[in-house]
Amino acid sequence: MGAASRLRRVWIAVSAVAFISTCTQPTPNPVDPGLLPGAPVRFLITFDDGPSTWEPYNPTRVILDQLLHNAVQPEIKAIFFVQTRDRRAGGGTAGQALLRRANNEGHVLALHTATAGGHLSHTGLSDAELDRSLRAGMADIQLITGETPKLVRPPFWRFDERTLKAYHACGLLMLLTDISARDGVIYGWTISLRRRSHFAAALAQVRRAIEEGKLQIVEGAIPVIVTFHDTNTFTASHMEEYLQILVDQAHAVGLPLARLPFYNEHEQIQRVARLRAEAGVYAGPP
């Protein structure tokens with residue numbers, strides 16, 4: 001028997017075993033998560049650390065462009081938690097121009113930090129430093145918007161009882177997040193290779209939180225807070241894709257979406273964010 005004939009017989013035998021195995025094993029059914037009853041979900045998009053003043057490719061400007069013009073839902077409005085005193089952010093002419101643009105286009109400006117030294121943790125500041133920073137940042141934002149900001153998000157998500165008391169003394173409410181894009185740490189590598197699977201897992205966690213009654217219904221929908229960083233160039237260049245991923249993966253895990261899946265009204269965003277901040281309950285840690 002030639003080598004070719006032996007190889008042919010081996011191939012036939014292996015194919016037969018595979019065919020029998022296929023016939024005897026039940027075909028797994030695709031998992032149907034089913035739709036949750038009750039109110040639909042709406043995404044409240046937020047951004048931290050900006051505005052970016054990088055050029056010639058400015059991620060904050062690119063993100064503002066994509067929120068305004070995209071194929072998923074045009075004219076989405078977001079909350080920007082901003083740095084107002086860092087010269088590389090909102091402390092310079094270029095950054096202030098971007099803050100004015102964001103405000104003029106209906107986005108909400110909220111406080112991240114007002115330390116001139118950059119993105120410093122509130123927990124590392126003295127009581128006096130923290131109070132000065134908060135009040136300076138509030139004044140900076142009010143100068144642009146004409147309104148006293150009501151929301152704060154601590155740098156690095158770090159807070160404690162002392163910083164919470166300082167926020168309260170300034171009339172600020174701390175808003176965290178249900179979903180983080182995990183795009184805030186940049187060490188020369190901004191690409192997210194697992195963004196679809198990451199958001200699928202995060203939205204599954206949101207679904208569990210809704211099933212457990214943790215997330216409240218506000219004005220007919222369940223607001224889900226999603227956080228990005230407008231200092232990340234990869235996030236900026238893929239913002240429309242991220243919006244589509246959120247919609248796609250919400251459907252995949254059985255989360256019903258509102259007719260307009262993203263918030264698009266300035267005043268409503270402020271109301272919804274305030275109520276979520278007052279409740280202080282989130283789908284998971286940032």
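Visitor: What do the angle and distance between two packed helices refer to?
Guide: Axes are lines fitted to C-alpha atoms, and angles run from 0 to 180 degrees between N-to-C directions. The model here is predicted.

Visitor: At what angle do α2 and α3 pack, and how far apart are their axes?
Guide: Helix α2 (residues 59-68) meets α3 at about 10°. The axes lie 11 Å apart.

Visitor: Why is α2 called roughly parallel to α3?
Guide: Angles under 35 degrees count as roughly parallel. The angle here is about 10°. Therefore α2 is roughly parallel to α3.

Visitor: Is the crossing of α2 and α3 left-handed or right-handed?
Guide: Left-handed.

Visitor: Which residues make the contact?
Guide: From α2 come Thr 60, Arg 61, Leu 64 and Asp 65. From α3 come Leu 98, Arg 101 and Ala 102. By class, this contact has 3 nonpolar, 1 polar and 3 charged residues.

Visitor: What makes a space a cavity and not a pocket?
Guide: In a cavity, a 1.4 Å probe fits but cannot get out. The structure holds 1 such space of 30 Å³ or more. The volume of the largest cavity is about 30 Å³.

Visitor: Which residues line the largest cavity?
Guide: Gly 50, Pro 51, Thr 60, Phe 80, Val 82, Leu 98, Leu 99, Ala 102 and Asp 230. Helix α3 gives the most, with 3 residues. Both β2 (79-83) and α3 (93-104) supply at least two.

Visitor: How does the lining of the largest cavity divide by class?
Guide: There are 6 nonpolar, 2 polar and 1 charged residues. Gly counts as polar, and Gly 50 is one of the lining residues.

Terms used
Residues numbered from 1 in each chain as written. Predicted model: local features only at pLDDT ≥ 70, side-chain atom pairs only at ≥ 80, totals over all residues. Heavy atoms only, no water. 1 Å grid on protein atoms, 1.4 Å probe; cavity = no way out; pocket = protein on both sides within 12 Å on 5 of 7 lines; lining within 4 Å. Points joined across faces, edges and corners; volume = space filled by probe spheres on them. Helix = DSSP H or I, 4+ residues; strand = E, 2+ residues; numbered from the N terminus. Parallel < 35°, antiparallel > 145°, perpendicular 65-115°, else oblique. Left-handed = near helix turned anticlockwise from the far one by under 90°. Contact = heavy atoms within 4.5 Å.
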